[in-house]
Amino acid sequence: MSSKYVKRAERFRNDPAVHYNCAQAVIAAFAAECGISEGKAYQLGSHFGGGMKMAATCGAITGALMVIGMLGGGDDAYRRFMEAMKAGHDGLTNCGDLLKKNADAGGSKKEHCDGMVCEAVENVAKVMGLSLS
């Protein structure tokens, strides 16, 4: 069963009217908990999708780190989150590297990115001790 945060992120990723990049979807999933509007979350993450628009650090990861910071998470939360994300992806965190690995395995970009968003959202909830229901 998906958490309420994953359901929110999926809603943003699949919004037919507005495209939410990976960072925007992660931040928007936690907007209420961070004390910001969904619109502000959209603005905040606007330049972090696609690995900061240059295949650098994955947008789902950067969005998640912004959320962890807004929720008051310190270095321990950062480390636990990053360990969890790296564990599932052979230590890779850059968008370009993750997408190449996915393409080499025959995966679709949309499914991969949606998966990264959901994984990042779940890991934020876990490291921050948020209720999943």
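The dialogue below concerns salt bridges and their surroundings.

Reply: This is a predicted model, in which local features need pLDDT of at least 70, side-chain atom pairs count only at pLDDT 80 or more, and totals for chains, interfaces and linings use all residues. Residues are numbered from 1 along each chain as its sequence is written, and side-chain values use heavy atoms, with hydrogens and water left out.

Me: How many salt bridges does the structure hold?

Reply: Side chains of opposite charge can pair when their charged atoms come close. A salt bridge is a side-chain nitrogen of Lys or Arg within 4 Å of a carboxyl oxygen of Asp or Glu. The structure holds seven of them.

Me: Which parts does the pair of Arg13 and Asp114 tie together?

Reply: These two side chains form a salt bridge of 2.7 Å, N to O. Arg13 belongs to helix H1 (residues 4-13) and Asp114 to helix H9 (residues 109-128), so the pair joins parts 101 residues apart in sequence. Helices are DSSP runs (H or I, at least four residues), numbered from the N terminus. Arg13, Lys110 and Asp114 are linked in a network of salt bridges.

Me: Is Arg13 buried or exposed?

Reply: Buried means under 20% relative accessible area, exposed over 50%, and partly exposed in between (1.4 Å probe, protein chains only). Arg13 is buried at 12%, and Asp114 is buried at 18%.

Me: Where do Asp76 and Arg80 lie?

Reply: Both lie in helix H7 (residues 75-87), four residues apart, about one turn of the helix. Asp76 is partly exposed at 44%, and Arg80 is partly exposed at 36%.

Terms used
Helices (H or I, at least four residues) and strands (E, at least two) are DSSP runs, numbered from the N terminus.
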